[in-house]
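I opened this notebook to record what I looked up, one entry at a time. The entries below follow the order in which I checked things.

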Amino acid sequence: MAFNEEGTQRIGEYHGRAKLSDAQVEQIRDIYEAGVEGTGPRIGYRLLAREFGVSKRTIRDIVSYTSRNRWATRWKRVR
């Protein structure tokens, strides 16, 4: 499991309330950023939210790096 810098909270897909995997978060960012950069179709929050089964606010927070912006600094093996 991935933990924050202090080693006190699970982060990313290991957090108890996570609805998306880390791979899905990266996919959302890639799709959205491709549309903004003009290298892919421009897809809005509403369509991404519907496709991934989350709210528009969640999508906004993901693409603006307000949410899911921490990197794991500690790992713990769980059996």
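**Entry 1: Tyr65**

I found Tyr65 in the loop between α3 (56-63) and β2 (74-75), where helices (H or I, at least four residues) and strands (E, at least two) are DSSP runs numbered from the N terminus. I noted that this is a predicted model, in which local features need pLDDT of at least 70, side-chain atom pairs count only at pLDDT 80 or more, and totals for chains, interfaces and linings use all residues. Residues are numbered from 1 along each chain as its sequence is written, and side-chain values use heavy atoms, with hydrogens and water left out.

I looked up the backbone of Tyr65 and read a positive phi of about 60°, although Tyr65 is not a glycine. Arg29 lies over the face of Tyr65, at 4.0 Å from the ring centre; a charge counts as over a ring if NZ of Lys or CZ of Arg is within 6 Å of the ring centre and within 35 degrees of the ring normal.

**Entry 2: buried residues of α3**

I listed Ile59, Asp61, Ile62 and Val63 as the buried residues of α3, buried being under 20% relative accessible area, exposed over 50% and partly exposed in between (1.4 Å probe, protein chains only). What covers these residues includes α1 and α2, with contact meaning heavy atoms within 4.5 Å.

**Entry 3: α1 against α2**

How are two packed helices described? They are described by the angle between their axes and the distance between the axes. I read that α1 (residues 22-37) and α2 (residues 45-52) pack at about 155°, with their axes 11 Å apart; axes are lines fitted to C-alpha atoms, for helices over the stretch in contact, and angles run from 0 to 180 degrees between N-to-C directions. The contact is made by Gln24, Gln27, Ile28, Ile31 and Tyr32 of α1 and Tyr45, Leu48 and Phe52 of α2.
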